[in-house]
Structures are given as structure tokens and as C-alpha cells.
Amino acid sequence: MSEATLAPGRRLSQIRQQMGLSQRRVAELSGLTHSAISTIEQDKVSPAVSTLQKLLKVYGLSLSEFFSEPAIAEEPKVVIGADELIEIGGQGVSLKLIHNGLSERTLAMLLETYEPGATTGEKIRHQGEETGTLLEGEIMLTISGQSYQLHAGESYVINTGNPHSFTNNSTQRCRIVSAHTPATF
């Protein structure tokens, strides 16, 4: 079993141990509790995207580096099948990263699905710009304390350095296609 296919908590534990860090030190550096890190590393809970980003920032990894297999091919993939998309979401939020295996990218693109009641959790914050279009459903985008209700066919453009979150308060599934630069995912 390769490292990228391990359960997320086990992989996070391996990375932390390889870096010679204690759970308490990672808690201090990430702003999370020691208990939260222990629970995640035991795979008792799947971390929200915002929580995973905090941990990966401590480890100097992007989401795509954490979830992808090391690239073996010399030539980057041109066509990526639906079954090759990298799932980086959890807890009712599916975030499928379109990735061709190259570590040096300037753009990240996601196919996002939010089940009714799903949210990205606490505010996400990362360097760059994001643009997206709702393909179906509706979503509440909250950025810097201001909330926007978006519906199918509408688009958004945000500075991702500002704290933001997405919440599906409806009873219908919401699907979004989004692009991010730089490629922090």
C-alpha cells in the first residue's frame, strides 16, 4: 500500500513522526487541540478541509501533494478520467481535484458537490484567487463576514486570502466547478 492510499489519519501520523514532531507540538503550530489531532490520527473522524489545511500547512504540504501518488510518468497526463480525480473533501462535501500528476502547477480545478446541510466548516483561508460557477442547486458563500446566496448559473470570484466558507442550507444537492490560483490544492 502506498503512502497516498493510507487512511488520512494514519498518513498524517506518519508525516508528523517523520518530521520528528509530537502531537502537542503540531497542536501548538496548527491552532488545533491535542485531542483533535489524536482523534484525527486514529481515523476516528475525518478532518474538515479547513482543519486538514491547518495541519498540512504545519507539514509544508498542499492538499494535492497529500492525496496524490508520486508522479512516475515523464509526460503529464492530458486526459484525466472521472475515476482518477483526487477526492479531498469529506463529511458531505465532495471536492474532486483534477490533477495530472505534476507537482509544479499554477492552477487548480475542483468539481465540488455539497449534500443538503453540508458545509466546509469553519472559515477557509489560503493565498490566491478563486472563481466558480454553480452547475446546480444553491449555496451560501460567506466571505469576511458577508453572506451571499448563489443559485444555479451564477458565478463568484473571491480573494481566498479572506476567510470564507460554503454552506448548502437547501434540501437539494449543489454542484460547483471552481478554479484556484495559485494551486494550493
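Reply: Let's begin with sheets: two strands pair if DSSP finds at least two bridges between them. Helices (H or I, at least four residues) and strands (E, at least two) are DSSP runs, numbered from the N terminus. Keep in mind that this is a predicted model, where local features need pLDDT of at least 70, side-chain atom pairs count only at pLDDT 80 or more, and totals for chains, interfaces and linings use all residues. Residues are numbered from 1 along each chain as its sequence is written, and side-chain values use heavy atoms, with hydrogens and water left out.

Me: In what order do the three strands of the open sheet lie?

Reply: The order is S6-S5-S8, with antiparallel pairing. S6 and strand S8 (164–167) are the edge strands, each pairing on one side only. On average, neighbouring strands of this sheet are turned by 20° against each other, direction ignored.

Me: How many bridges join S5 to S6?

Reply: There are six, and the two strands run antiparallel. For one example, find Ile139: its bridge partner in S6 is Leu150.

Me: Is helix H4 largely enclosed or open?

Reply: We first need a scale: buried means under 20% relative accessible area, exposed over 50%, and partly exposed in between (1.4 Å probe, protein chains only). Nine of the 11 residues of H4 (residues 49–59) are buried, so this helix is largely enclosed by the rest of the structure. Among the buried ones are Leu52, Leu55, Leu56 and Tyr59.

Me: Which elements do the buried residues of H4 pack against?

Reply: They pack against helix H1 (8–18), helix H2 (23–30), helix H3 (34–41), helix H5 (63–67) and strand S2 (93–98). Contact here means heavy atoms within 4.5 Å.

Me: Which residues have the most contacts inside the largest nonpolar core?

Reply: In soluble globular proteins, nonpolar side chains tend to be buried together. A nonpolar core is a set of buried Ala, Val, Leu, Ile, Met, Phe, Trp, Tyr and Cys residues joined through side-chain atoms within 4.5 Å. The largest one here has 36 residues, and those with the most contacts inside it are Leu12, Leu55, Tyr59, Tyr114, Ile139 and Tyr156. H4 supplies the largest share of this core, six residues.

Me: At what angle do H2 and H3 pack?

Reply: Axes are lines fitted to C-alpha atoms, for helices over the stretch in contact, and angles run from 0 to 180 degrees between N-to-C directions. H2 and H3 pack at about 115°, with axes 8 Å apart. The contact involves Gln23, Arg24, Val26, Ala27 and Ser30 of H2 together with His34, Ile37, Ser38 and Glu41 of H3.

Me: Which residues does the cis peptide bond join?

Reply: It joins Thr181 and Pro182, with omega about -5°. You will find Pro182 in the segment after strand S9 (174–181).
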